[in-house]
Amino acid sequence: MLTNFEIDKLAEALKKDELLNIKQIAEKLGLTENAIRTRCSRGQIPHHKKHGNLYFSENEITAYYLKD
């Protein structure tokens, strides 16, 4: 069970989440936009799609790459 301090820290971190577009996430990960699109289509990277555009939560990307 989380302590109140840990819950407060987690809530603070979640408030700082940033939504990134494909160009921004490609630069951040050091990949091309095509590589990002390919990984999204294969389900290899968490993303959100709206009106044909891909968006990425910085917190989701960080958690995804830090798991295991």
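Ser57 lies in strand β3, where helices (H or I, at least four residues) and strands (E, at least two) are DSSP runs numbered from the N terminus. At 6% relative accessibility Ser57 is buried; buried denotes under 20% relative accessible area, exposed over 50%, and partly exposed in between (1.4 Å probe, protein chains only). Not counting residues up to four places away in sequence, Ser57 touches Asp17, Glu18 and Leu19, a contact being heavy atoms within 4.5 Å.

The model is predicted: local features need pLDDT of at least 70, side-chain atom pairs count only at pLDDT 80 or more, and totals for chains, interfaces and linings use all residues. Residues are numbered from 1 along each chain as its sequence is written, and side-chain values use heavy atoms, with hydrogens and water left out.

The largest nonpolar core has 10 residues: Leu20, Ile22, Ile25, Ala26, Ile36, Cys40, Ile45, Leu54, Phe56 and Ile61. Such a core is a set of buried Ala, Val, Leu, Ile, Met, Phe, Trp, Tyr and Cys residues joined through side-chain atoms within 4.5 Å. At least two of its residues come from each of α2, α3 and β3 (53–57), and α2 gives the most, with three. Ile25 is in contact with Leu20, Ile36, Phe56 and Ile61, leaving aside neighbours within four places in sequence.

Helix α2 (residues 22–29) and helix α3 (residues 33–41) have axes that come within 9 Å and cross at roughly 100°. Axes are lines fitted to C-alpha atoms, for helices over the stretch in contact, with angles from 0 to 180 degrees between N-to-C directions. The two helices, α2 and α3, are therefore roughly perpendicular, the term for angles of 65 to 115 degrees. In this contact, Ile22, Lys23, Ile25, Ala26 and Leu29 of α2 meet Glu33, Ile36 and Arg37 of α3. By class, the contact of α2 with α3 has five nonpolar, no polar and three charged residues; Ala, Val, Leu, Ile, Met, Phe, Trp, Tyr, Cys and Pro count as nonpolar, Asp, Glu, Lys and Arg as charged, and the others, Gly among them, as polar.

One aromatic pair is counted, for which ring centres of Phe, Tyr and Trp (its six-membered ring) must lie within 6.5 Å. Tyr64 and Tyr65 form this pair, edge-to-face (planes over 60 degrees apart), at 5.2 Å centre to centre and 85° between the planes.

His51 sits in the loop between β2 (48–50) and β3. Its phi is near 55°, a positive value in a residue other than glycine.

| Residue | Relative accessibility | Class |
|---|---|---|
| His51 | 74% | exposed |
| Tyr64 | 26% | partly exposed |
| Tyr65 | 40% | partly exposed |

Definitions and conventions:
Parallel < 35°, antiparallel > 145°, perpendicular 65-115°, else oblique. Phe/Tyr/Trp six-rings, centres within 6.5 Å; stacked < 30°, edge-to-face > 60°.
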